[in-house]
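Subject: Structure handover and findings

Hello,

Here is the structure I said I would pass on. My notes on it follow below the entry.

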Amino acid sequence: MKSLNFWPLYYRLREAREGIARNTWASLATIVLLTLTLLLFGGFLWLNANLAQVATMLERQVQVRVFAEEGTAADSLQAPLAAVAGVRGVELLDGESVYAELAPVFGQETLMRALPTDAFADSLSVELIDPEQGADVVERMRAVDGVGEVIWGQGFATVLYRISNGLQK
């Protein structure tokens, strides 16, 4: 069996050491430039990953709130609204849970002085499949029997969707 010859490795390491010692400033400049390049590359990768997360979060922010007509129970609209094309999901929000969510924000005593516990009507929170098609889906929801009012931030949703698309490109 042949033994390994370390001479070429030793020779290359010795020449590298001598070259670095001979050209100290050029070696330092190379190290600085490589470090800055790697930092910039890593920074852009990090920024791109975070912007993709922000874009996904912005798309999920588009929610539509549906209130039932007088005399119609909000939970009876859950199935018809879920059947509307372009709707991902429908969640019932009863007035008491909305009141309970606001209590920690404003304080229980302040909220009780300002509003009665039955101040909020039951409503439905609707999540859209494609926020870009939101206007069409909202019009189809308004056509469902028993739907009183549909609230959504059309201008806000459109801006969010454009920002989201721009960030993902």
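Where is the place of S123? S123 sits in strand β3, which covers residues 123–128. Before going further, please keep in mind that this is a predicted model.

S123 and its surroundings

S123 counts as buried because its relative accessible area is 1%, where the cut-off for buried is under 20%. The side chain of S123 makes a polar contact with the side chain of R65, at 3.5 Å. With neighbours within four places in sequence left aside, S123 is in contact with R65, V66, F67, A74, E91, L92 and L93.

Overall layout

The chain has 169 residues, and buried residues make up 22% of them. Its secondary structure comes to seven helices and four strands. Read from the N terminus, the order of the elements is α-α-β-α-β-α-α-β-α-β-α. Of the contacts in the chain with a separation of 6 or more, 77% are between residues 24 or more positions apart. The accessible surface of the chain is about 12300 Å², and carbon and sulfur atoms account for 61% of that surface.

Nonpolar core

How many residues does the largest nonpolar core have? This core has 17 residues, and those with the most contacts inside it are V64, V66, L81, V87, V126, M141 and V147. At least two residues of the core come from each of β1 (63–68), β2 (87–93), β3, α6 (134–142) and β4 (147–151). As for M141, if residues up to four places away in sequence are not counted, M141 touches V64, V66, L81, V84, V87, V126, L128 and V147.

Salt bridges

Side chains of opposite charge can pair when their charged atoms come close. In this model the count comes to three salt bridges.

- R88 and E127 form a salt bridge in which the closest N and O atoms are 3.3 Å apart. R88 lies in strand β2 and E127 in strand β3, so the pair ties together parts that are 39 residues apart in sequence. E127 is partly exposed, with a relative accessible area of 25%.
- E139 and R142 form a salt bridge whose closest N and O atoms are 2.9 Å apart. Both residues lie in helix α6, three residues apart, which is about one turn of the helix. E139 is partly exposed at 48% relative accessibility, and R142 is partly exposed at 40%.
- E15 and R14 meet through their side chains in a salt bridge, at 3.9 Å from N to O. E15 is partly exposed, with a relative accessible area of 31%, and R14 is partly exposed at 24% relative accessibility.

One further distance concerns E139: its C-alpha atom is separated by 8.9 Å from the C-alpha atom of V150, the two residues being 11 residues apart along the chain.

Which residues form a nonpolar patch on the surface? L4, F6, L9 and L13 form this patch, and together they have about 490 Å² of accessible area. L4 is found in the segment before α1, a helix that covers residues 7–22. L4 is exposed, with a relative accessible area of 71%.

S27 is found in helix α2, which covers residues 24–60. Is S27 buried or exposed? S27 is buried, with a relative accessible area of 18%. The side chain of S27 reaches the backbone oxygen of N23 at 2.9 Å.

To recap the two serines: S123 is buried at 1% relative accessible area and has a side-chain polar contact with R65, while S27 is buried at 18% and its side chain reaches the backbone oxygen of N23.

Regards

Definitions and conventions: Residues are numbered from 1 along each chain as its sequence is written. This is a predicted model: local features need pLDDT of at least 70, side-chain atom pairs count only at pLDDT 80 or more; totals for chains, interfaces and linings use all residues. Side-chain values use heavy atoms; hydrogens and water are left out. Buried means under 20% relative accessible area, exposed over 50%, partly exposed in between (1.4 Å probe, protein chains only). A polar contact is a pair of N or O atoms within 3.5 Å; within protein, one must be able to donate a hydrogen and the other to accept it, and residues adjacent in sequence count only if both atoms are side-chain atoms. Contact means heavy atoms within 4.5 Å. A nonpolar core is a set of buried Ala, Val, Leu, Ile, Met, Phe, Trp, Tyr and Cys residues joined through side-chain atoms within 4.5 Å. Patches are made of residues with over 30% relative accessible area and no salt bridge: like charges are joined within 9 Å, nonpolar side chains (Val, Leu, Ile, Met, Phe, Trp, Tyr) within 5 Å. Accessible areas come from the Shrake-Rupley method with a 1.4 Å probe; for residues, only the protein chains shown count as cover. A salt bridge is a side-chain nitrogen of Lys or Arg within 4 Å of a carboxyl oxygen of Asp or Glu.
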